[in-house]
Number of protein chains: 2
Amino acid sequence: MPPPLPVTFVAGDVGPWRILRNAPYKGDGLPVAERLLVLEGSQSRPPPAAAWTLSGTTSNGRYINHGEQDALRARQAGLGRPEARLAALIPIRKTDRWWDMPQDERRAVFEERSHHIGIGMEYISAVARRLYHCRDLGGPFDFLTWFEYPPEAAEAFEEMVARLRATEEWDYVDLELDIRLIRET
Amino acid sequence: MPPPLPVTFVAGDVGPWRILRNAPYKGDGLPVAERLLVLEGSQSRPPPAAAWTLSGTTSNGRYINHGEQDALRARQAGLGRPEARLAALIPIRKTDRWWDMPQDERRAVFEERSHHIGIGMEYISAVARRLYHCRDLGGPFDFLTWFEYPPEAAEAFEEMVARLRATEEWDYVDLELDIRLIRET
C-alpha cells in the first residue's frame, strides 16, 4: 500500500471532468460549477477562482480483514482506465453516534449487518473506487469516495449506490452529496 | 465523545511547560527548546519564533472494543489535574508494514499479543493520557501521545513506557521521540 496520498477536488471552470449533476442527497449542497480538477499530492494548490474545494487523503483501511483485503486487491479495477469515462464523487459525513461507537460495534454495523465490503466486492472489477479520509482534516465531511466506471457499468453503479444507501450503516450518514461527472479529455 | 480537537504543540521560549528532556528514542530528534505551549482548536496559530511544532487531532478509537471502552472511560484520569505537574509527549511513527496490515491483524498485534489497552488500563487512573492522530495530516509522525501525571506516579509511568516498548507492537515503531516536561505555572 502506498503512503497517504492527499487530494484536493477543485470545482470551477477548469479540469478534465465535466460536472453532470451536483446534488445533495442528505443536507445542504455545494455551489454550482462546470468542471472538476483533481489535484493529487501535497504540493498541489487549487486555482484561486474555485467555486469550492474538498480535500482528503488516502489512508489505511479501518474495517477490512485479511481475507477481504486479499479478495479486494485481487479483483479491484484501477483508476484511469480509458473506457471509464464516467465518475462519481460522493462525500459523506457520519453522525456523532457512529464515531462514539467502539471499533467492534462499528465493524458489526459496517460489514456483519450492512455488508459494505461484500456489496462493494460485487462491483469492484467494473467500478474503480478510491476512498479519501477527511475527518481528521477538519472539513465538513468524513469521507470522499471517488468512483470511475465505463458507461456499460452505469446501471450496476446505480444499483450498488442504492443497495448501500438502504443499509443500516447509512442510518449513520447525516450529510451526503452526489456529484456525477464525465471525462472530456 | 467530543468532535475531533486539533492541537499544535509549539516548542520555543514560551508556554507553561518547561522541557526537561527532548531525546530521540528511535531515529532523529528535534531541535532543543526551553518551553512548550499547547494550542488547542483550529483557530490557534503558533508563534512565529517556534523551534518546532507538531500538530495532530483527537479522533475516534481505532482498536478499542465495547467492554474496553467502558472500562477505560470509567477509570481514566482527566487532563489538567493540579497535582499532575509532570508530562510526557511521545510522538511515534509506525512502519509501512504496519499500515499495510488489515484491521484484524493490527488489532491482534495491538491487543491480543501486545496488550496495549490492557497495560494502559493498569496506569490510566494515575496517568492521564490523550492520543492525537496525525498520519492523515501528513507530518513526520503518525501519533502524538500526551501524558500528565503527579510526581508520585513517575515510577509507574516509566514502568508503563518500558512495558509498552517491549511489546511486539513496538517492532512496528520506526521513529519515536521522548519529551518530558514539568508545569511551572
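Predicted model: local features only at pLDDT ≥ 70, side-chain atom pairs only at ≥ 80, totals over all residues.
Local features require pLDDT of at least 70 and side-chain atom pairs count only at pLDDT 80 or more, whereas totals for chains, interfaces and linings use all residues. Residues are numbered from 1 along each chain as its sequence is written, chains are lettered from A in the order in which they are written, and side-chain values use heavy atoms, without hydrogens and water.

A:Pro4 is located in the segment before strand S1 (6-12) of chain A (strands are DSSP runs of E, at least two residues, and helices runs of H or I, at least four, numbered from the N terminus). Beyond neighbours within four places in sequence, A:Pro4 is in contact with A:Thr57, A:Thr58 and B:Arg135 (heavy atoms within 4.5 Å).

Over all chains there are 32 salt bridges (a side-chain nitrogen of Lys or Arg within 4 Å of a carboxyl oxygen of Asp or Glu). Three of them are tabulated here.

| Pair | N to O distance |
|---|---|
| A:Glu184 and A:Arg35 | 3.1 Å |
| B:Glu169 and B:Lys94 | 2.5 Å |
| B:Glu158 and B:Arg180 | 2.5 Å |

B:Glu158 lies in helix H5 and B:Arg180 in strand S8 of chain B, so this pair ties together parts 22 residues apart in sequence.
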